[in-house]
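Please open the model in a viewer and follow the selections below in order.

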Amino acid sequence: MLVFSNSVMQFLNEQSDFLVVGCIGTQGVGKSHILSSLFQHDRKRKFLFPVQSHEDIENSNHKTSGIDAYITPERVILLDCQPVLSCSVMYSDIQAEWEKKIGFEFGSTEAGAEMNSIQLISFLLSVCHVLLVVQDWTVDLNLLRLIQTAEMLKPSFPPLNQDEPYVEAFPHLAFIFNRASDDDSRTDRRLKLSAMLRSVFSKSNLKVESGISNVQDPPHLPINLSFFGEESQNETEIQRFCQAASRLRQSILSTPRHCVSYVSLSEKTWLSYAARVWDTIKKSPLFMEYSRLLP
């Protein structure tokens, strides 16, 4: 269950020049690490978002629960989401439901884990300007399927006055491949990967061809595609990682910003809008109806 904290409001302003960047992915792909590295200038400080320790990895425990938020000095609101399709999250949900001694909202635990992931993605698609999709070196087709489902079930909020023009807003979707080798970012592989992603989202309203990328070598493709190598203690590898993060950060910050609602929002009214979106998602009968189609 996603609970909005009132403490976030004190860090928000009444100005409307802000950017919301969310991040999703499965467990252990490096979501929190990537998001922290993009917008943390001093690497000697602790990460903006907590990352998995060696003990967490050995015990298969997830680190982020729900959605963590951080507001940078540049007025970028970062949203770090818990892992989707995570066995660790599902186990935590089982314990919570057992303590409440009530049944699962979507029937089985497996269906509940998938539906909770879809709800969180649908929420982020509704409130973010840019949504980062972090994967390991290989394409996660289950994650892409979840994104398509979340887009299908995403709620819309048209104006009360039906005479007003209304165009539903959709975020920029940027694909990040973490721990990629040099071969993974070769030109021929990038072309094949770009063609595949373009094909998967050919009928989607999500903006996957905005030029959000950290790829420096030609050809410069419009598909939102970035690569990060394995960060190690090697000074050369650390420098390459930082340069890739800097290029992607500049690309994100220069992306045209759309209004996530039909009215202009300030940072504070955005938070109220986000709470309204989540409440609508939790009460929407569409998610319950879809859950009945799951095996």
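Select residues 109–127 to begin: this is helix α4, whose 19 residues reach 27 Å from first C-alpha to last, close to the 27 Å expected at 1.5 Å a residue. The expected span is 1.5 Å times one less than the number of residues. Helices (H or I, at least four residues) and strands (E, at least two) are DSSP runs, numbered from the N terminus. Because 17 of its 19 residues are buried, α4 is largely enclosed by the rest of the structure; buried means under 20% relative accessible area with a 1.4 Å probe, protein chains only.

The model is predicted: local features need pLDDT of at least 70 and side-chain atom pairs pLDDT 80 or more, while totals for chains, interfaces and linings use all residues. Residues are numbered from 1 along each chain as its sequence is written, and side-chain values use heavy atoms, without hydrogens and water.

Next, display the whole protein chain, which has 9 helices and 6 strands. Of its 295 residues, 47% are buried.

Then select the lining of the largest cavity, which includes Gln 82, Pro 83, Asp 93, Asn 116 and Leu 120. A cavity is a set of points on a 1 Å grid over the protein atoms alone where a 1.4 Å probe fits but cannot get out; lining residues have an atom within 4 Å of a point. About 70 Å³ of space lies inside this cavity, the volume being the space filled by probe spheres set on the points, which are joined across faces, edges and corners.

Finally, color α3 (87–100) and α4, each of which supplies at least two lining residues. Helix α4 gives the most, with 4 residues.

Technical notes: Buried means under 20% relative accessible area, exposed over 50%, partly exposed in between (1.4 Å probe, protein chains only). On a 1 Å grid over the protein atoms alone, a cavity is a set of points where a 1.4 Å probe fits but cannot get out, and a pocket is an open set with protein on both sides within 12 Å along at least five of seven lines; lining residues have an atom within 4 Å of a point.
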